[in-house]
Amino acid sequence: MNISNVATKTGLTTKTIRFYEGKGIITVPERSSNGYRLYGEKHVAELNLIRRSRLVGFSLEECGELLALSRDPRRKSADVKLKAQEKLIEIDHKIDELLKMKKTLETLTKQCPGNEGAACPIIEGLSQD
């Protein structure tokens, strides 16, 4: 199948697919006699794994590691689970940081009169150490 078909099946752009190929993340597709890339279901599966992994927060490098594990018939599910658990911890830390940011911004917003005056507790609060 051609790259447009793969893009439709995976929900990725052709540019993204070529990017992943150029980075060596997906298996290099064969080429037809006229030089066009020939993709198979294996490529679709690899690209779906990458897309879905990105959606749950894995970096491109981590996606490559998951893809390598998916290709390894001797992989241990414990290795995959460990990567997912590490990502969950990272996400929890990000959520904590976002909640702190939200609380700070809520506090500053409540202090601001939001009127025509120049005094602004938000600017003052953000300017402090």
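This is a predicted model: local features need pLDDT of at least 70, side-chain atom pairs count only at pLDDT 80 or more; totals for chains, interfaces and linings use all residues.
Helix α4, spanning residues 60–71, packs against helix α5, which comprises residues 77–111. The crossing of α4 and α5 is left-handed. On the α4 side, the contact is formed by Glu62, Glu65, Leu66 and Leu69, and on the α5 side by Asp79, Val80, Lys83, Lys87 and Glu90. By residue class, this contact between α4 and α5 contains six charged and three nonpolar residues, with no polar ones.

A pair of aromatic rings is described by the distance of the centres and the angle of the planes. One aromatic pair was found in a search of the whole structure. The pair consists of phenylalanine 19 and tyrosine 20, with a centre-to-centre distance of 6.0 Å and an angle of 55 degrees between the planes, and is classified as tilted. The relative accessible area of phenylalanine 19 is 40%, so this residue is partly exposed. Tyrosine 20, by contrast, has a relative accessibility of 7% and therefore counts as buried.

Threonine 10 is located in helix α1, which covers residues 3–10. Its relative accessibility is 1%, and threonine 10 is therefore counted as buried. When residues up to four places away in sequence are excluded, threonine 10 is in contact with Ile17, Val44, Leu47, Asn48 and Arg51.

Note on methods:
Residues are numbered from 1 along each chain as its sequence is written. Side-chain values use heavy atoms; hydrogens and water are left out. Helices (H or I, at least four residues) and strands (E, at least two) are DSSP runs, numbered from the N terminus. Buried means under 20% relative accessible area, exposed over 50%, partly exposed in between (1.4 Å probe, protein chains only). Contact means heavy atoms within 4.5 Å. Rings of Phe, Tyr and Trp (its six-membered ring) pair if their centres lie within 6.5 Å; planes under 30 degrees apart count as stacked, over 60 as edge-to-face and the rest as tilted. Axes are lines fitted to C-alpha atoms, for helices over the stretch in contact, and angles run from 0 to 180 degrees between N-to-C directions. A crossing is left-handed if the near helix is turned anticlockwise from the far one by less than a right angle, and right-handed if clockwise. Ala, Val, Leu, Ile, Met, Phe, Trp, Tyr, Cys and Pro count as nonpolar, Asp, Glu, Lys and Arg as charged, and the others, Gly among them, as polar.
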